[in-house]
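Work through the exercises below with the sequence and the model at hand. Try each task before reading its solution.

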Amino acid sequence: MRPVQLPGVLQRFRQWAERPFEPLRLDRTDALILLLVCAWGLAMLAPGLGHPGMHDWDETLHQTAARGTYDSFFYPHFYSDPLYPVAPHDWWGAAVWLHKPIAPLWFGATMMHLIGVTPLAMRIGALLGQLGAAVAIYLLARNAAGRAWAGLGAAAFLSLPFGWILTQGLLFGDSYDCMLVGFVSLTVVLLVHTIEKDSWRWAVWTGVALGLGHLTKTVLALAPLGVAGVMVGLRWIRFSKGLRFTHLLIIGGVALLVAGPWNLYAALKWPEVYRAGMELTFGHIEAPPHVDVGGWRRPIDAIFVEMLNNEFAPMGSIFPVVVGVWLIIRGVQRRETAIIVTALWLWSTWITHSFISVKAPGHVWNAAPAVLVAMALIMADTWRVPVVGAATLMALLTPKLIALFPSLAAIRSFVPEKLPQVRTTPGLAEGLVLAAGAVLITWGLLIATRRARPFPTTVSICCVGLLLLTFGYELPVIIRKKPEEHRQELLTSYERELGLALDRTLPKKAVLFQAIDHDPPRVFEIHESMFWSGRMTYRRPVDLPAAHAKGYHAYMTSPAAEPFVPVPGVPAHAWMRAYDAEAPASPPPIPEGATPVDLQLEGAMRVLGFASGPVDGKTDKWVFFIRPEGVPHGLQVTFIIEGKRPQTLQLEPEASLRNRDRLAGVSWFILPTLGPPRSRVRAIELGAERKRITLEAPPVGSK
């Protein structure tokens, strides 16, 4: 029987589709290096990642939306059933929350189902994004720089203090930016492999990664698509191997298939909120006056000064610029696909964002791995091209030279006024002049010495040595110090113990009303309450009619004794108490589990008791129950600690989150603080008169 003859076009399509699929090959050496890189990343970024504190704006809002997604997977929200009207553009007090895409929320919600309701759930995504970007650095630099230098470049990325800050959720950026850098880096690696293997199957995987990136942070994920378009052009002009146009169409089409369904669903189900979210997203590009984008409008040169200074501190912005220039030079010289793609990725991100009105550090973090690819190249290339080592060495030394020679600031007076940050901020202008001078001097000396081996070798050793010292020692030391520097905000949570108890105890149709006056520093208490308790929370007097109209039972959270029945099960050391706002009663005594005392202090306060509970093994939460006999004043607390110096703290009534004049007349209120573990405390001295409470020593052999 004769085989069926297909038409010519279909026959060619069949041959193309049946082309063998070549996987990404990694041998044992690659696997070992990547294992070491990931172990280094875990040592740098993982300790303390489950801290209870949630920083205001980005992390608090994203964690709250993830909790809403945990409760209803296809309904990301803050308020599941708002008691009061919500405007479509209100993205900090929203019902459905479409301010950011869905992928990190789905990830966080899934992890919460696996490990419980904890901020760690979303931060695991941040950690994986950072580790994935480091793996991508190795894969991009491996062939051009060699395995050893590529591995060091990957590890160096995980040593950047800014990466630690983002992973911990402490800045104007968090899991979203970290997951984005992972997806964008993965997309770039797959794009390079698509070009090198000339494979439509790899183009499909590239499109999948691009679509997932778009579901992570919309337009910020599209840089690889722009790079792919340029690579099509470079193929046409035969500058490099480049990308087939058909593969570009596959990448874009698959990305649309991945990202399109959710966007279509959200746009049809919540059209006004979706439109408001898109307006805000594109408002970051043009920033019209009627769109609230916060205080992040920046001048054209902010990317190359303020943002890079933040991302690459303490080296400053000159370091990434110098190594980024070498990335371009190397790409033009060797025409290597991975290096050309990486250079386009880096510089297109920087330049494009320079012309966008709104600039925040996380906006260009997705291209930061490209800088470390360039660094790996420099460590490999400085042995044959010493001038690049000299320029990098001078870039690393620039901050120290500026401190030693203040007269270098005169260089900035020649910068045009149209570049205000370059003109006023030390670093970039001086660094460019110093790096250029180092190149010229090194070049001249190479000619004068006829490239005698000792001189170029010395330059290269100094460059590589300083890079290894900076990324292998100086930056890790900075990271190790940061948990203590940020201890207060990492460990402060007024709602954790209370919220977990309420989530177990209250009916699902419960709503909370906060009886407080203000937030703690850098915290949104309403959102923290909704995250930990899983219940809608409002800061206003108890509104029974509004609650009953929607079928909800009203509860009050407060730092003081209130004339209602307390909610059972709240630990004594919780920094807030909860009450059934529909069950009036006499104000309760201090909670069960607290240690009662009765100390009259000078002024208008009496200490009724105290309680404590662990936070992280090194710190306890402490609460002191204070009866005010008038307007309360500050309380001095001294912990007498076994084997250490006494620790003295001054606690003000406002630490209760209620103004002191509103505490006058309550039966008691909570004065919270972080302190040493109770097992180490031998006595507590209270007040200026240092009235002592002696604590029992733990049993012999206990921890």
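The exercises cover a helix pair, aromatic rings and backbone angles.

The model is predicted, so local features need pLDDT of at least 70 and side-chain atom pairs pLDDT 80 or more, while totals for chains, interfaces and linings use all residues. Residues are numbered from 1 along each chain as its sequence is written, and side-chain values use heavy atoms, with hydrogens and water left out.

**Exercise 1.** Describe how helix H10 and helix H11 pack.

Step 1. Locate the helices, which are DSSP runs of H or I with at least four residues, numbered from the N terminus. H10 covers residues 223-236 and H11 covers residues 245-269.

Step 2. Take the angle, about 170 degrees, and the distance between the axes, 9 Å. H10 is therefore roughly antiparallel to H11, a term for angles over 145 degrees.

Step 3. List the contacts (heavy atoms within 4.5 Å). From H10 come Leu225, Ala228, Gly229, Val232 and Trp236; from H11 come Phe245, Leu248, Ile251 and Gly252. Seven of these residues are nonpolar, two are polar and none is charged. Here Ala, Val, Leu, Ile, Met, Phe, Trp, Tyr, Cys and Pro count as nonpolar, Asp, Glu, Lys and Arg as charged, and the others, Gly among them, as polar.

**Exercise 2.** Classify the ring pair of Trp57 and Phe524, and state where each residue lies.

Step 1. Rings of Phe, Tyr and Trp (its six-membered ring) pair if their centres lie within 6.5 Å, and planes over 60 degrees apart count as edge-to-face. The structure holds 29 aromatic pairs.

Step 2. The centres of Trp57 and Phe524 are 5.0 Å apart and the planes stand at 85 degrees, giving an edge-to-face pair.

Step 3. Trp57 is in the loop between helix H2 (28-45) and helix H3 (58-71), and Phe524 is in the loop between strand E1 (510-514) and helix H23 (525-533); 467 residues separate them.

Step 4. Compare accessibility, where buried means under 20% relative accessible area, exposed over 50%, and partly exposed in between (1.4 Å probe, protein chains only). Trp57 is partly exposed at 36%, whereas Phe524 is buried at 16%.

**Exercise 3.** Which peptide bond, from Ala313 to Pro314, or which phi value, of Asp198, needs a note?

Step 1. The bond from Ala313 to Pro314 is cis, with omega near 5 degrees. Pro314 lies in the loop between helix H13 (303-311) and helix H14 (318-334).

Step 2. Asp198 has phi near 50 degrees, a positive value in a residue other than glycine. Asp198 is buried, with a relative accessible area of 18%.

Definitions and conventions. Axes are lines fitted to C-alpha atoms, for helices over the stretch in contact, and angles run from 0 to 180 degrees between N-to-C directions. Helices (H or I, at least four residues) and strands (E, at least two) are DSSP runs, numbered from the N terminus. Angles under 35 degrees count as roughly parallel, over 145 as roughly antiparallel, 65 to 115 as roughly perpendicular and the rest as oblique. Rings of Phe, Tyr and Trp (its six-membered ring) pair if their centres lie within 6.5 Å; planes under 30 degrees apart count as stacked, over 60 as edge-to-face and the rest as tilted.
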